[in-house]
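This briefing is for a reader with the coordinates at hand. Please keep the model open while going through the points that follow.

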2 protein chains.
Amino acid sequence: MSNRIITISREFGSGGRTIGKEAAAKLGIPCYDAELLEKIAKESGFAKDYIAEHSEYAAGGSWISRAFSGRDYQGHSYQDDLWSIQHKIIRELAEKESCVIVGRCADYILRDKADCLRVFIHADLESRAKRIVEQYGERSDSPKKRLKDKDKRRAAYYQFYTDMKWGDVHNYHISLDSGELGIDKCVDIISRLY
Amino acid sequence: MSNRIITISREFGSGGRTIGKEAAAKLGIPCYDAELLEKIAKESGFAKDYIAEHSEYAAGGSWISRAFSGRDYQGHSYQDDLWSIQHKIIRELAEKESCVIVGRCADYILRDKADCLRVFIHADLESRAKRIVEQYGERSDSPKKRLKDKDKRRAAYYQFYTDMKWGDVHNYHISLDSGELGIDKCVDIISRLY
């Protein structure tokens with residue numbers, strides 16, 4: 001039997017990571033999130049903090065600076081190297097075993113894989129703001145400003161490497177509003193669908 | 001206890017209507033779709049065919065002609081009258097009883113109602129094309145052309161009256177790909193969530 005994969009794409013602060021972990025625990029399969037970071041770090045030689053920041057987010061600033069910052073004369077950047085490595089690792093994971101993979105464009109990277117449930121988790125700004133303050137504490141920036149910045153950079157990254165629109169309903173088999181439904185119901189729906 | 005409503009917004013040919021009906025049957029509550037048309041016809045005096053065409057779709061042609069066709073010197077159209085009537089009827093239904101309401105911007109019209117599950121059903125073009133040929137038979141236009149036209153006009157109608165983007169994931173609590181998941185699973189998920 002071929003491996004069955006669940007990819008979880010999520011808005012920052014929507015609890016997508018928690019939902020992925022809990023669904024995986026319920027199903028008795030591994031969930032790759034921080035573990036994916038470890039693998040990419042090991043293979044690439046980059047530090048984990050650098051990867052966390054550059055494997056899902058475009059750099060800040062304007063679109064032009066985002067798209068071209070840190071590129072050499074051939075138009076190649078460290079972020080492109082990271083993309084190749086995470087692409088390869090995600091493909092290998094999906095070959096190896098059934099699992100949940102959180103973020104990192106896994107939905108796109110595994111788009112041709114038949115047995116892959118593509119999930120998108122979103123929530124309104126209020127619930128996400130509340131959640132990130134609980135999870136990551138207060139900062140000098142307002143939580144809503146932090147969320148908008150993260151969303152914008154994640155969307156830009158996704159668009160740059162996949163040529164698709166991040167959060168477009170058509171890219172996912174199921175999209176869930178975790179703010180309205182709550183974490184437990186999302187976990188339940190995803191595990192039942194598996 | 002307040003009434004609990006499910007609104008089903010759907011891409012043409014995605015089976016959203018069938019999903020709405022089956023979920024309602026499972027839950028033992030009424031489903032308003034053709035029945036809504038009847039009510040609007042009775043109250044407005046318009047023929048049902050006219051309503052079916054004008055209560056969810058912008059007219060064909062360019063955006064300008066869509067937005068302004070058939071408007072009197074005050075910028076008012078028959079479609080605006082229909083909008084007011086369907087707005088009123090949908091609000092009344094939601095006050096009266098728990099039910100499923102298919103289409104007709106009910107998600108927007110009931111956006112301030114607390115106990116309302118907003119569902120969006122979509123599917124890839126292939127599955128929808130197959131479905132509309134099965135349901136409505138062959139026509140001179142290709143099924144994909146028909147779908148694209150319907151989608152475009154439905155989106156334009158929605159945007160015109162709600163000032164929101166039709167099919168934007170953030171407008172719904174749950175979005176389901178009926179082409180991938182199948183009708184039965186969608187019915188099952190919705191009824192369980194209720």
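Helix H8 of chain B covers residues 143–162, and its 20 residues, at 1.5 Å a residue, should span 28 Å, which agrees with end C-alpha atoms that are 28 Å apart; the expected span is taken as 1.5 Å times one less than the number of residues. The model is predicted, so that local features need pLDDT of at least 70 and side-chain atom pairs count only at pLDDT 80 or more, while totals for chains, interfaces and linings use all residues; side-chain values use heavy atoms, with hydrogens and water left out. Residues are numbered from 1 along each chain as its sequence is written, and chains are lettered from A and ligands numbered from 1 in the order in which they are written.

**Helix H8 of chain B**
- Helices (H or I, at least four residues) and strands (E, at least two) are DSSP runs, numbered from the N terminus.
- Among the buried residues of H8(B) are Arg146(B), Leu147(B), Tyr157(B), Tyr158(B) and Tyr161(B), where buried means under 20% relative accessible area, exposed over 50%, and partly exposed in between, with a 1.4 Å probe and protein chains only.
- Just after H8(B), Asp163(B) takes a positive phi of about 60 degrees.

**Confidence**
- Chain A has a mean pLDDT of 87, and 91% of its residues reach 70 or more; pLDDT is the predictor's confidence in each residue, from 0 to 100.
- Among the elements of chain A, the lowest mean pLDDT, 50, belongs to helix H4 (residues 63–68), and the highest, 98, to strand S5 (residues 174–177).
- For the complex, the predictor gives an ipTM of 0.86 and a pTM of 0.88.

**Relation of the two chains**
- The same surface serves both copies, since 100% of the contact residues of chain A recur in chain B; contact means heavy atoms within 4.5 Å.
- In chain B, Ser175(B) lies in strand S5 (residues 174–177) and counts as buried at 0% relative accessibility.
- Leaving aside neighbours within four places in sequence, Ser175(B) is in contact with residues including Val169(A), His173(A), Ile174(A) and Ser175(A), as well as Phe120(B) and His122(B).

**Strand S1 of chain A**
- Six of the six residues of strand S1 (residues 5–10) of chain A are buried.
- In a regular strand the side chains alternate between the two faces of the sheet.
- Both faces of S1(A) are covered, with Ile5(A), Thr7(A) and Ser9(A) buried on one side and Ile6(A), Ile8(A) and Arg10(A) on the other.
- S1(A) pairs in the parallel sense with strand S3 (residues 99–102) of chain A over four bridges, pairing being assigned if DSSP finds at least two bridges between two strands; here Ile101(A) is the bridge partner of Thr7(A).
- S1(A) also pairs in the parallel sense with strand S4 (residues 116–122) of chain A over six bridges, and in S4(A) Phe120(A) stands opposite Ser9(A).

**Cysteines**
- Over all chains the structure holds zero disulfides, a disulfide being a pair of cysteine sulfur atoms within 2.5 Å.
- Cys31(B) is in no disulfide, the nearest cysteine sulfur, that of Cys99(B), being 8.4 Å away, and Cys31(B) is buried with a relative accessible area of 13%.
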